[in-house]
Amino acid sequence: MTTATLRTKIATPRRSVEAGSRGQWLRFAILVALAAFALIPIAGTVGLSLRANNGTGSLTLDNFAHVLSSSGTVAWLVNSLQVALATVVVSVAVAAPAGYVLSRGRGRLVGGYSLLLFVVQALPVITSVIPLFILFSHIGLADNLVGITILYVASSMSVATWMMASYMDGIPGSLEEAAWIDGASVFKGFLHIVLRNSLPGVLSTAIFTFLMAWNDYLVASIFLRSAGTFTLPIGVQTFFQQHSTDWGSVMAVAVIMLLPPTIIFATLNKFFSVGGVAGSLAGQ
């Protein structure tokens, strides 16, 4: 083999590595640009919330002090947290076993149950809001946080069940069978094997249901009438007047609405891992 041929063979992998590195940096730059573009509205919201209303353009926290002390923002925040957290707890508690049945069950009943979930998920929310408002008005659940929580749980249940079933499909049944051989019941196998390894799926379902209840405006605007029951999406509209809008207060409330989902996701992000299942299958 000549020296020139050897140099060519050495240079070819080097050029391939350099080309691959440039491609990775290009993809990274594109992703950074897209992320920056997506964050522009959030940056604008935060900037307007910190801008003084006197036209000087100086940065201040007066807008936050105003909405927290001179409006019902604190009560609306508490109402939103209560409704969203209750929706998460009930939805996950029901969707986890329902998703397990959908994932492991076979037969016509399970197929019909799956089809029913699909039909319910396909129905527009607006088609059921008015009949439910009339019904809830007769039983005292209109303009009530309990009533709105029931609606959120019902509207999120089909998607939450599908999400749990999709994640449980990736957990091998052999793990449950091993637990059954050791004397565990079906319920214990579900609780200690499937549900424990479904933590990322549970968290994804919880975040979905939380955001659905936290950001809802349509259903809440119909069912919630008094200021004492307002959630944050409904309360923010009180800052819009007929001839003027207090944009500083509106943006301050918007920033307050951003904080709980951001904190929750940042806290739970480290638990999104499938390492438990991978470790269980390491010996196979």
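Which residues does Thr-87 touch, not counting residues up to four places away in sequence? The close-up views below, taken from a predicted model, begin with that residue and then turn to a helix pair and a group of rings.

**View 1. Thr-87 and the residues around it in the predicted model.** Thr-87 has its place in helix α3, which covers residues 73-104. When residues up to four places away in sequence are not counted, Thr-87 touches Thr-149, Tyr-152, Val-153 and Ser-156, and it also touches Thr-209, Met-212 and Ala-213. The relative accessible area of Thr-87 is 0%, and because buried means a value under 20%, Thr-87 is described as buried.

**View 2. The packing of helix α3 with helix α8.** Two packed helices are described by the angle between their axes and by the distance between the axes.

**View 3. The ring pair of Phe-133 and Phe-223.** A search of the whole structure finds 6 aromatic pairs, and one of them is formed by Phe-133 and Phe-223. Their ring centres are 5.5 Å apart and their planes stand at 80 degrees, and because planes over 60 degrees apart count as edge-to-face, the pair is given that name. Phe-133 belongs to helix α5 (residues 126-139) and Phe-223 to helix α10 (residues 218-223), so that the pair links distant parts of the chain, 90 residues apart. Phe-133 is partly exposed, with a relative accessible area of 24%, whereas Phe-223 is buried, with a relative accessible area of 1%.

**View 4. The ring pair of Phe-136 and Phe-223, and the cluster.** The ring centres of Phe-136 and Phe-223 are 5.8 Å apart and the ring planes are at 75 degrees, so this pair is edge-to-face. Phe-136 lies in helix α5 and Phe-223 in helix α10, which means that the pair ties together parts that are 87 residues apart in sequence. Both Phe-136 and Phe-223 are buried. Through ring pairs, Phe-133, Phe-136 and Phe-223 are linked into a cluster.

Key
Residues numbered from 1 in each chain as written. Predicted model: local features only at pLDDT ≥ 70, side-chain atom pairs only at ≥ 80, totals over all residues. Heavy atoms only, no water. Helix = DSSP H or I, 4+ residues; strand = E, 2+ residues; numbered from the N terminus. Buried < 20%, exposed > 50% of the residue type's maximum accessible area, 1.4 Å probe, protein only. Contact = heavy atoms within 4.5 Å. Axes fitted to C-alpha atoms, helices over the stretch in contact; angles between N-to-C directions. Phe/Tyr/Trp six-rings, centres within 6.5 Å; stacked < 30°, edge-to-face > 60°.
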